[in-house]
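Colleague: I have not looked at this one before. Can you walk me through it?

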Amino acid sequence: MDTVTVQANLCERCGHQWLPRIKDIGLRPKVCPKCKSLVWDKKKASQSLYFVQCGNAVKIGGAVNVERRLKSLATSAIGPLRLLAVIEGAGAYELECHKRLAHLHIHGEWFRYNVQIEALIQEFRQKYMVSA
């Protein structure tokens with residue numbers, strides 16, 4: 001009996017790993033069976049962490065293209081937007097920021113402006129060596 005080596009597929013989006021069916025060996029799967037991503041074999045672009053202020057509220061979010069995201073936000077903002085900081089490559093820390101500032105949470109990704117937000121921005125600037 002011959003030995004066949006089968007390479008597992010790894011989804012770059014959700015991390016799911018799976019073996020192809022016998023009839024699909026050698027073919028590229030169309031989607032990840034777990035997250036259904038069509039681009040399962042493409043690495044996600046690195047996201048930046050951004051802090052944008054509107055009045056007394058600050059949105060903390062992650063985006064690949066912050067400029068495009070700000071234009072999108074501006075269409076529904078109730079006032080002018082002020083970009084406080086962009087930390088490139090730190091998008092993975094978005095949820096950590098949300099958890100640390102949960103006591104300031106207003107709605108969605110919006111938080112009440114507070115000195116703790118400024119301290120958090122400074123912490124990330126130092127961690128990622130970003131100038132003010």
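Modeller: What follows goes through the sheet, the helices and a few single residues. Keep in mind that this is a predicted model.

Colleague: Start with the sheet. In what order do the five strands come?

Modeller: The order is E5-E3-E4-E7-E6, in an open sheet with antiparallel pairing. Strand E5 (82-87) and strand E6 (105-107) are the edge strands, and each of them pairs on one side only. On average, neighbouring strands of this sheet are turned by 30° against each other, direction ignored.

Colleague: What packs on the sheet?

Modeller: Helix H1 (residues 66-74) does, touching strand E3 (48-54), E4 and E5. The direction of H1 makes about 30° with that of E3. Helix H3 (residues 115-127) also packs on the sheet, and touches E3, E4, E5 and E7. The direction of H3 makes about 35° with that of E5.

Colleague: Back to the strands. How many bridges join E3 to E4?

Modeller: Seven, and the two strands run antiparallel. E3 and E4 form a hairpin with two residues between them. Gly55, in the turn, has a positive phi of about 65°.

Colleague: Which residues in E4 stand opposite Phe51 and Val52?

Modeller: Phe51 stands opposite Ile60, and Val52 stands opposite Lys59. Val52 also has a bridge partner in E5, namely Leu83. E3 and E5 pair over five bridges, in the antiparallel sense.

Colleague: Is E3 buried or exposed?

Modeller: Seven of the seven residues of E3 are buried, so the strand is largely enclosed by the rest of the structure. Ser48, Tyr50, Val52 and Cys54 point one way from E3, while Leu49, Phe51 and Gln53 point the other way. All of these are buried.

Colleague: And how many of the seven residues of E4 are buried?

Modeller: Six, so E4 is also largely enclosed by the rest of the structure.

Colleague: What about the pairing of E4 with E7?

Modeller: Strand E4 (residues 57-63) and strand E7 (residues 110-112) pair over three bridges, in the antiparallel sense. Ala57 stands opposite Arg112 in E7. Val58 stands opposite Phe111 in E7.

Colleague: Changing topic: H3. How many residues does H3 have, and how far does it reach?

Modeller: H3 has 13 residues and reaches 18 Å from its first C-alpha to its last. That is close to the 18 Å expected at 1.5 Å a residue.

Colleague: Which residues of H3 are buried?

Modeller: Ile117, Leu120, Ile121, Phe124 and Arg125 are the buried ones. Seen down the axis of H3, the buried residues fall within an arc of 140°, so they line one face of the helix. They pack against E3, E4, E5, H2 and E7.

Colleague: What is exposed on the other side of H3?

Modeller: Val115 and Gln126 are exposed there.

Colleague: H2 came up just now. Where is His98, and what does it touch?

Modeller: His98 is in helix H2 (residues 94-100). Leaving out residues up to four places away in sequence, His98 touches Ile60, Glu109 and Phe111.

Colleague: Why does His98 count as buried?

Modeller: Its relative accessible area is 14%, and buried means under 20%.

Colleague: Then Leu95, where is that? And why does Leu95 count as exposed?

Modeller: Leu95 is in helix H2. Leu95 counts as exposed because its relative accessibility is 58%, and the exposed class is over 50%.

Colleague: How far is Leu95 from Ile22?

Modeller: Their C-alpha atoms are separated by 40 Å, and the two residues are 73 residues apart along the chain.

Colleague: Last topic, aromatics. How many aromatic pairs are there?

Modeller: The structure holds two. One of them is formed by Trp18 and Trp40, and that pair is edge-to-face. The distance is 5.2 Å centre to centre, with 65° between the planes.

Colleague: Where do Trp18 and Trp40 lie?

Modeller: Trp18 lies in strand E2 (residues 17-18) and Trp40 in the loop between E2 and E3, so the pair ties together parts that are 22 residues apart in sequence.

Colleague: Are Trp18 and Trp40 buried or exposed?

Modeller: Both are buried.

Conventions. Residues numbered from 1 in each chain as written. Predicted model: local features only at pLDDT ≥ 70, side-chain atom pairs only at ≥ 80, totals over all residues. Heavy atoms only, no water. Helix = DSSP H or I, 4+ residues; strand = E, 2+ residues; numbered from the N terminus. Buried < 20%, exposed > 50% of the residue type's maximum accessible area, 1.4 Å probe, protein only. Contact = heavy atoms within 4.5 Å. Pairing = 2+ DSSP bridges. Axes fitted to C-alpha atoms, helices over the stretch in contact; angles between N-to-C directions. Phe/Tyr/Trp six-rings, centres within 6.5 Å; stacked < 30°, edge-to-face > 60°. Expected span 1.5 Å × (residues − 1). Arc of directions from axis to C-beta.
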